[in-house]
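Biologist: I would like to learn how to read side-chain features in a structure like this one. Please take me through them one at a time.

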Amino acid sequence: MELLNIESFGLLKYTKSNIEKIISNIEFRHVELVQEEVLITVEQIEEEISKVLGNLNKTHCVLLLDDAAHAFSADQQRDFFEFFRTIKSRLISPKAAVYPGVTVYSPTFHVGHDAEEIDVWIKPDSVGYVEFMIGLLERRLPANVLKEFIKRKDLLEIVCYASFGMPRALLNMIRNFYKVSDDEDDEFNYSFNRSSVNSAISNSLKQTMAVYSSLKVKLPTYAEFISKGEQLFSKITELIKEYNKDKEATSQSVSIAISKSYPVEFGKVLDFYQYAGLVMPKGEVSKGREEGVYELFTIHYASLIDRNAFIGKKSIKNQDLAISLSKRSSHLFKKVTPQVLLGTEDVGAMFPLSLPPCDKCKTPRTDENAKFCPNCGAMLKSISIFESLISNDIDRLPLTSRRVESIKLNSNIKTIKDILMDTDNSELRKVPQIGPEWAKKIYSYAEEFIV
């Protein structure tokens, strides 16, 4: 990739450092520090981009826009997609990440017309999946380290499948198995066996479940959906485990087929699963006029491994587990209805909205989109998701209670925001037993919490 020194043209209104400072002030609510003259229009953005294209002798620009669904409230997301629609032109192609259940489009934005939706999830049942993941490791690991992993191909395949098509999850797990020596570049400590693999998969699953649970903070209106969804996900995994019991390694299922006749509340829970990466939609399957249509979902492989859902044995051999993950028949899956999963016919009543009352008169809200209290007429507060997230205590991160206590005692860090503002890790480095690697890891935990 060619690195372009755009600032050397001297044509742009703002420098990179100016923009970063403005963004930081806006993100951390220091609005008083943002001068009115720095606010620019869509037309000015197009003009700046046009200048750059002209000086580079280029004809097209792709804008990569990420995290709108994470950092913005519903109203802010609508504004964002209105900007997305407006900025799109002959010269500019915007790209944005969207997620089931949490992305809110503007009324004038239509997927298929204003933008093409592309599924970028790497499917773990696709041809060449393991080869692709190992190829990723080849580009990220020292050659001598990768060579040791290749020696245990069965275990390496299990880890690749347990990442469920998420490169970051794979790399995080792999980092648990080795540590390069500080003295010699070619020396490293290495522990790659079934026990260490199981531990890494379990920790990876906990992080994925934490992403799902974080929706209670990001979308407090749906807190009950998310809480009951955790119980529902455990039930789904248990049903697959029962289905797989005593079957051959080549006949194991990783999927659940759910009758499509469910209310919107249940569909919302399934969307939240997809957002967190707990399930992967696999299309529909018709079981005839009497049974109707089912939606097929593949369940996160790490969850199935962690809960011994294959063959029904705790001591399944490495080779058999690798086969169970790689050999797949599209006709093997457990069929179930939402009513059976939840143990009730009234599925919709299981998922009430959690709406905060009016701050002034404490009257309960009846509509998540209401802007004014129906009783006293007071304006109902709406806070951005980002502001809500960064105000959380650091005990929400995957750290031990002892480390959290040590950080609070030996530094000025108390909230997620404090960690994010500690860009050079100077505060974290004040804490005993937190060196460069741990400081980097804690900062990444804070970044992952808000995404």
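Biologist: In what kind of contact do the side chains of Asp 393 and Lys 408 meet?

Modeller: First, this is a predicted model, in which local features need pLDDT of at least 70, side-chain atom pairs count only at pLDDT 80 or more, and totals for chains, interfaces and linings use all residues. Residues are numbered from 1 along each chain as its sequence is written, and side-chain values use heavy atoms, with hydrogens and water left out. A salt bridge is a side-chain nitrogen of Lys or Arg within 4 Å of a carboxyl oxygen of Asp or Glu. Asp 393 and Lys 408 meet in a salt bridge, at 2.9 Å from N to O. The pair links distant parts of the chain, 15 residues apart: Asp 393 is in the loop between helix H17 (385–390) and helix H18 (401–410), and Lys 408 is in helix H18. Helices here are DSSP runs of H or I with at least four residues, strands are E runs of at least two, and both are numbered from the N terminus.

Biologist: Is Lys 408 buried, partly exposed or exposed?

Modeller: Buried means under 20% relative accessible area, exposed over 50%, and partly exposed in between, with a 1.4 Å probe and protein chains only. Lys 408 is partly exposed, at 27% relative accessibility. Asp 393 is partly exposed too, with a relative accessible area of 27%.

Biologist: Which residue forms a salt bridge with Glu 48?

Modeller: Lys 51 does, with the closest N and O atoms 3.2 Å apart. Both residues lie in helix H2 (residues 42–56), three residues apart, about one turn of the helix. Glu 48 is buried at 18% relative accessible area, whereas Lys 51 is partly exposed at 30%.

Biologist: How many aromatic pairs does a search of the whole structure find?

Modeller: Rings of Phe, Tyr and Trp (its six-membered ring) pair if their centres lie within 6.5 Å; planes under 30 degrees apart count as stacked, over 60 as edge-to-face and the rest as tilted. The search finds 24 aromatic pairs. In one of them, the rings of Phe 81 and Tyr 105 have centres 4.8 Å apart and planes at 65 degrees, so the pair is edge-to-face. Phe 81 is buried, with a relative accessible area of 2%, and Tyr 105 is partly exposed at 27%. Phe 80, Phe 81, Phe 84, Tyr 105 and Phe 109 form one aromatic cluster.

Biologist: Which residues touch the most other members of the largest nonpolar core?

Modeller: In soluble globular proteins, nonpolar side chains tend to be buried together. A nonpolar core is a set of buried Ala, Val, Leu, Ile, Met, Phe, Trp, Tyr and Cys residues joined through side-chain atoms within 4.5 Å. Of the 75 residues in the largest core, Ile 174 and Tyr 273 touch the most other members.
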